[in-house]
Structures are given as C-alpha cells and as structure tokens.
Amino acid sequence: MIVVTKFFIGIDVSKPHFDVALMAVVNHVKQEMETARFDNTASGITLFEKWLKSHRLTFNEDCLVVMENTGIYHRLLWTFCSSRNLPIHIGNAAHIKWSFGIARGKNDKIDSIRLCNYAFKEADELRATAALDPELILLKDLISARTKLLKQKSGISISVKELGNVNGKEHQRLIEKALKNAIDGIVKSIKNLEDQIKKIINGNQYFKQNYKLLISIPGIGHVTAVYLIGCTGNFVGQPSGKELACYAGVAPFEQTSGISIKGRPRVHRMANKELKRLLHMCALSLIQHNQEFRAYYDRKKAEGKHSMSIINAIRNKIALRIAAVIKNQESYKNNYNIAA
C-alpha cells in the first residue's frame with residue numbers, strides 16, 4: 001500500500017517570536033497536531049528547520065505553510081521557505097481571520113492552530129506566494145522610506161507656514177533658519193532614495209517593462225508607477241482590474257438586504273490607503289488636464305452625481321486600465337480623440 005503524507009503548517013508571527021502548528025495527514029487521515037515556539041531570529045529559524053526535519057517534513061509540494069502578512073516580521077520565514085522550496089501562502093490577515101467565523105479565545109498558539117486548520121481546509125484554493133525577491137524587497141523599503149521622508153518634509157513645511165501667520169518677521173526668520181538644515185537634509189535624502197529607486201527600475205528588465213506600460217496610462221506618473229510595482233510584487237498573479245480596485249479601496253459594494261437595509265454603495269474602509277491616495281491624485285490630474293475625463297466629470301456632475309462619487313469612478317477606471325495594460329503587455333492606446 002502506498003502511503004501518501006501531506007503536511008500543513010500554520011505560523012503566527014510576531015516581532016520577538018513565531019508560533020508553529022504542524023499537522024500531518026496520512027492517506028487523508030489527520031494526525032495529532034504538534035506545536036512549538038521559536039525566536040524570530042536567524043538562530044530561531046535554524047532550530048525551526050531542525051524541528052521540521054525531526055517530524056520528517058518532505059520540503060516539497062506535499063507541504064503548505066500559511067501565515068499572515070505582518071509587513072516585515074515574516075521576512076525571515078519567507079526567505080527560509082523560498083530557499084528550501086517550501087510552498088508558502090502569505091495571506092491577508094483580515095481575510096484569514098474572517099474565514100474563522102466566530103472564534104472565542106485568542107493567543108499566539110491558538111492562532112497558529114487556526115492557521116494550520118485553515119491551510120488544511122483551503123489547500124485546494126490557496127495560491128502559493130512567489131519566492132522572496134531581494135530586489136523587490138529593497139525597492140519596497142526604498143519606496144516606504146521615501147514616503148516617510150516626504151510626510152516629514154510636508155509636516156515641517158506646514159508647521160513653519162502656520163507659524164508665519166502668527167509670528168513677527170524677525171521671529172519667523174529665526175525659525176526658518178533653524179529648520180533649514182533639517183529640510184535641506186530631508187530633501188537630499190529623498191533625492192538619494194529616488195536615485196536608488198530609478199537604478200533598480202532601470203536595472204531590472206521586468207520592472208522596467210511594467211514601468212513603461214504604467215506611465216503610458218494618462219494620469220499615471222513616476223511615483224504611482226513605482227509604488228504599484230512595489231505593492232503588487234510587480235503584479236505577481238496578474239490581479240484583475242476588480243481585484244486591484246478592491247485592494248485600493250475604490251470599488252463600491254452594494255449595501256442592501258431585503259427591505260430593512262437600503263444603504264447606498266460604499267467603498268470598503270480596509271484598503272491600501274497610500275495607493276488610494278495616489279490614485280486620487282491621478283484622478284484629480286485627469287479631471288484638470290485630460291479632455292476625456294474632464295468631459296466625463298462635467299457630464300456626471302450635470303446628472304447630479306456627487307463630486308467624490310465621480311472621482312471614485314475615475315479612480316476605478318484607472319485601476320481597470322492598469323490591470324489591462326499589464327495583462328496584455330501593451331502600452332495604453334487612447335481612442336478618445338479618434339472616436340471624437
């Protein structure tokens with residue numbers, strides 16, 4: 001008789017440590033689950049590997065690891081799984097938690113067990129996350145650092161401007177002089193980060209190809225194109241326009257049920273807020289500078305639509321165009337003038 005063994009692993013990750021639940025399924029029969037905790041360090045990963053080998057893990061497609069996306073704390077485990085060809089699914093934390101339904105009690109060990117059961121139940125539906133790409137991770141970190149510095153610069157500049165409204169000229173001059181070096185330093189750091197970002201984009205043919213496709217879309221500029229490459233993993237899995245719009249929080253969903261609930265369609269509050277902000281800026285630019293979208297905005301406004309509803313529809317259209325050019329690997333073709 002042929003013995004078929006599959007392994008399902010749920011990992012709950014935090015900054016100092018990670019909890020693991022391992023379940024072997026032998027000929028479709030679940031075995032007793034094993035649990036353990038390891039430090040979220042290089043030495044902890046080494047002990048984790050020894051623990052897996054002690055349970056005769058096969059390190060192939062007969063295994064599935066599931067963990068939540070924690071931002072940065074799961075990177076060591078992601079790197080480990082990628083280097084050992086261990087299939088891993090890094091899922092959206094909210095989506096995974098909702099799949100548990102009503103769950104009583106919570107701690108790291110319980111969460112790892114729930115993730116293990118989730119891996120077993122959803123194994124046929126879960127898509128393996130692509131192997132960690134060090135260059136992509138570096139790009140994302142550079143983008144994140146640039147975003148933080150831009151917010152700092154904006155915060156200081158706004159503060160100085162507000163003080164100028166209440167201070168005398170001599171007082172204000174001293175404040176501006178005191179903060180000048182800080183602002184100049186931030187500007188220099190932003191330029192250095194931008195140079196590194198451009199170097200990575202131009203040095204990677206896959207990044208560069210998608211970057212060129214993205215900036216061919218009206219309204220999409222350098223910053224938005226680079227951010228899209230980073231936050232989507234260079235469009236790994238080729239998300240559809242609907243999926244991208246949902247991720248950015250610009251896809252409205254109906255809010256009705258029977259005769260008691262009659263809410264108007266709304267976008268979901270859980271979204272990538274930075275991507276949503278960037279698409280918002282793209283939409284405003286299109287309304288101001290693009291004939292097609294200026295006409296669309298004016299027409300919908302005349303129909304009585306709310307301004308934000310129209311802007312959101314434009315953000316949605318941009319998301320659909322982004323998905324289309326990436327899927328087809330062809331630059332955007334503007335047919336508006338031709339039709340006119």
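Mentor: The account below begins with the aromatic pairs and then turns to helix packing and the nonpolar cores.

The model is a predicted one. A search of the whole structure finds 6 aromatic pairs. In one of them, the ring centres of Phe 8 and Phe 120 are 5.4 Å apart and the ring planes stand at 85°, so this pair is edge-to-face. Phe 8 belongs to strand β1 (residues 5-13) and Phe 120 to helix α4 (residues 108-121); the pair thus links distant parts of the chain, 112 residues apart. Phe 8 counts as buried, at 8% relative accessibility. Phe 120, at 30% relative accessibility, counts as partly exposed, because the range for that class lies between 20% and 50%.

Phe 18 and Phe 48 form an aromatic pair that is also edge-to-face, with 5.4 Å from centre to centre and 85° between the planes. Phe 18 lies in strand β2 (residues 17-26) and Phe 48 in helix α1 (residues 42-54), so the pair ties together parts that are 30 residues apart in sequence. Phe 18 has a relative accessible area of 0% and is buried; Phe 48, at 1% relative accessibility, counts as buried. Both residues are members of one aromatic cluster, which is formed by Phe 18, Phe 38, Phe 48, Trp 51 and Phe 80.

Phe 48 and Phe 80 also take part in the meeting of two helices. On the α1 side the residues are Ala 42, Ile 45, Phe 48, Glu 49 and Leu 52, and on the α2 side they are Leu 76, Leu 77 and Phe 80. The axes of α1 and α2 (residues 75-83) come within 10 Å and cross at roughly 45°. The two helices are therefore oblique to each other, and the crossing of α1 and α2 is right-handed.

The largest has 47 residues, of which Leu 139, Ile 201, Leu 214, Ile 220, Ile 314, Ile 318 and Ile 322 touch the most other members. Helices that each supply at least two residues of this core include α5 (134-164), α6 (169-203), α8 (222-231), α10 (273-289) and α12 (307-328). Its largest share, 8 residues, comes from α12. Leaving aside neighbours within four places in sequence, Ile 314 is in contact with Ala 283, Leu 286, Ile 287, Phe 293 and Tyr 296. In soluble globular proteins, nonpolar side chains tend to be buried together.

Val 223, Thr 224, Tyr 227, Leu 228 and Cys 231 in α8 meet Glu 274, Leu 275, Leu 278 and Cys 282 in α10.

Glu 194 is found in helix α6 and, at 14% relative accessibility, counts as buried. Not counting residues up to four places away in sequence, Glu 194 touches Arg 146 and His 222.

Methods: Residues are numbered from 1 along each chain as its sequence is written. This is a predicted model: local features need pLDDT of at least 70, side-chain atom pairs count only at pLDDT 80 or more; totals for chains, interfaces and linings use all residues. Side-chain values use heavy atoms; hydrogens and water are left out. A nonpolar core is a set of buried Ala, Val, Leu, Ile, Met, Phe, Trp, Tyr and Cys residues joined through side-chain atoms within 4.5 Å. Buried means under 20% relative accessible area, exposed over 50%, partly exposed in between (1.4 Å probe, protein chains only). Helices (H or I, at least four residues) and strands (E, at least two) are DSSP runs, numbered from the N terminus. Contact means heavy atoms within 4.5 Å. Rings of Phe, Tyr and Trp (its six-membered ring) pair if their centres lie within 6.5 Å; planes under 30 degrees apart count as stacked, over 60 as edge-to-face and the rest as tilted. Axes are lines fitted to C-alpha atoms, for helices over the stretch in contact, and angles run from 0 to 180 degrees between N-to-C directions. Angles under 35 degrees count as roughly parallel, over 145 as roughly antiparallel, 65 to 115 as roughly perpendicular and the rest as oblique. A crossing is left-handed if the near helix is turned anticlockwise from the far one by less than a right angle, and right-handed if clockwise.
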